[in-house]
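I am opening my notebook to record what I looked up, one entry at a time. The entries go from strands to a helix, and then to the packing of side chains.

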Amino acid sequence: MAQSYDLIVIGAGPGGYIAAIRAAQLGMKVAVVEREHLAGICSNWGCIPTKALLRTADVMHTAQHAKDYGLTLEGSIKPDVKAIVARSRGIAARMNNGVGFLFKKNKVDIIWGEAKITKPGEIVVGKISKPVVQPQGPVPKNTLGEGTYTAKHIIVATGARPRALPGIEPEGKLIWTYFEAMKPEELPKSLLVMGSGAIGIEFASFYNAMGVDVTVVEIMSQVMPVEDAEISTFAKKQFEKQGIKIHLEAKVAKVEKGSNSITATIEKKDGSSEKITADRMISAIGVQANIENIGLEAAGVKTDRGFVVIDGYGKTNVEGIYAIGDVAGGPLLAHKAEHEAVVCVEKIAGLPNVHATDKSKIPGCTYCNPQVASVGLTEAKAKEQGRDIRVGRFSFAANGKAVALGEDQGMVKTIFDKKTGELLGAHMVGAEVTELIQGFVVAMNLETTEEDLMHTIFPHPTLSESMKESVLDAYGRVLNA
Ligand SMILES: Cc1cc2nc3c(=O)[nH]c(=O)nc-3n(C[C@H](O)[C@H](O)[C@H](O)COP(=O)(O)OP(=O)(O)OC[C@H]3O[C@@H](n4cnc5c(N)ncnc54)[C@H](O)[C@@H]3O)c2cc1C
């Protein structure tokens, strides 16, 4: 007889593993099916290993500026790419193991293989049906195997994979996805990055710091197109100062492959075109959800433009089938997947006061140099919505801590509703802003107004004082500028 559970989760990424743990905490009998690696893209090929690489870039940057801090460094600093990659892969493996430990601790069963929903309440786990997109991780110990399993509830958390442009498909040698970009065997001399979203810009930043000649091609009118235009322009200037070449309103129309290089034809909005030759190219034009071959069509689960359609609690149109994380649409971020997981499971368990996920308050962070972080509406979006707004700005150049750190290139921008004082959006660029942004996220969640923020005492000297000064500036009361 098929082994039965209260909940089966398909996919052990940040959405899936958090859903499983929360369900186990709430007393459910839970299993997770995973075909490739515990902890998903985030820990194995996304958030964590990139941050490990970018930490190396930061250390490199600081070392190169040792003289500015009164230090003499004998000899030159050189990247050892094998050691850099080994450190990053070691950190990914540690996170992967950590999820195995958490499953054991919470008595969550792991079923190893590829899951397919056969009908609501039933899944079949079999061998991987097609070549795996992402490289396999280690198979954890004590896993259940292929077979039929039943569950009262099924959560689909199958994530996403790199999207490819027809004719410019990454083959892993000359044209890379994030998988190859994460573990280069050697550093290319030159690199073309197609797409300047978070993934493209983070790799551009890393490779530039390693001494690679980097060119970024972006079809939109700004880098990091979802960010506030002013912040994006600020960041672009810094990237260019560091030597990254950036083409905006330009698209990679064609790529010709040589024996050890590519030549890309770039078409610009003004009608001109240019050929760029580089040793390697990263295709970073976004991801597509893993919705195929999991039985969604047969079960009648609705999808829209490649993503599963859900309500604010992860419910699909089919009773007993839920979806969370990347497979259920943007923003395609690990913390969004984790939050949706908790909301979905608590709703299934019938807990009172479960709030639907509010997508308007999900922060976004890019860990390039300088870092970029934001939450809420951009100035353009606020205006588009017809909001009457007040905007405040504060430069890191006037913040004592930033100057002491030697990190005075940055700014904070805040956007308020003129009538109500509601904080509508906060946008930052500069050192450690990915850590600072959470202050504004909490403020927005608590429906804070400018008054509350002005009455809040920020510690001195900290970069966070720029947040308060930006609020003060929106109301004509800035003190240090
Ligand atoms: C280079 C890069 C950097 C990133 N950096 C950040 C960052 O800094 N911050 C951030 O918030 N986000 C970042 N992301 C995005 C983040 O990784 C994703 O949003 C997150 O992993 C989504 O979680 P998930 O659980 O929905 O899916 P995933 O992490 O993709 O996990 C899905 C899992 O399901 C498994 N699976 C799929 N189909 C089946 C099946 N049929 N049967 C069994 N198992 C299956 C897969 O093997 C996978 O392990 C980054 C992504 C990339 C690529």
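How many bridges join β5 to β6, and in which sense do the two strands run? I keep in mind throughout that this is a predicted model.

**Entry: strands β4, β5 and β6**

I looked up the pairing and found that four bridges join β5 to β6, and that the two strands run antiparallel. As one example, I noted that Ile123 has Tyr149 in β6 as its bridge partner. I then turned to β4 (residues 114–119), which pairs with β5 in the antiparallel sense over five bridges, and there I saw Lys119 standing opposite Glu122 in β5. The two strands β4 and β5 form a hairpin with two residues between them, and Gly121 in the turn has a positive phi of about 90 degrees. I also checked how covered β5 (residues 122–126) is, and four of its five residues are buried.

**Entry: helix α1**

I next looked at α1 (residues 14–25), which has twelve residues and reaches 16 Å from its first C-alpha to its last, close to the 16 Å expected. Eleven of its twelve residues are buried, among them Tyr17, Ile18 and Arg22. I asked what covers these buried residues, and the list includes β1 (3–10), β2 (30–34), α4 (81–105) and β6 (147–156). After the helix comes Gly27, whose phi is positive, near 90 degrees.

**Entry: nonpolar cores**

I looked up the largest nonpolar core, which has 38 residues, and Phe203, Tyr207 and Ile282 are among those with the most contacts inside it. Among the elements that give two or more residues to this core are α3 (47–64), α6 (198–209) and α7 (229–241), and the largest share, six residues, comes from α6.

**Entry: Ile262**

Is Ile262 buried or exposed? I counted Ile262 as buried because its relative accessible area is 0%, which is under the 20% cut-off. I found Ile262 in strand β13 (residues 262–268). Leaving out residues up to four places away in sequence, its contacts include Leu174, Leu192, Val255 and Ile276. Finally, I noted that Ile262 and Thr277 are 15 residues apart along the chain, while their C-alpha atoms are separated by 5.6 Å.

Notes: Residues numbered from 1 in each chain as written. Predicted model: local features only at pLDDT ≥ 70, side-chain atom pairs only at ≥ 80, totals over all residues. Heavy atoms only, no water. Expected span 1.5 Å × (residues − 1). Buried < 20%, exposed > 50% of the residue type's maximum accessible area, 1.4 Å probe, protein only. Contact = heavy atoms within 4.5 Å. Core = buried A, V, L, I, M, F, W, Y, C linked by side-chain atoms within 4.5 Å. Pairing = 2+ DSSP bridges.
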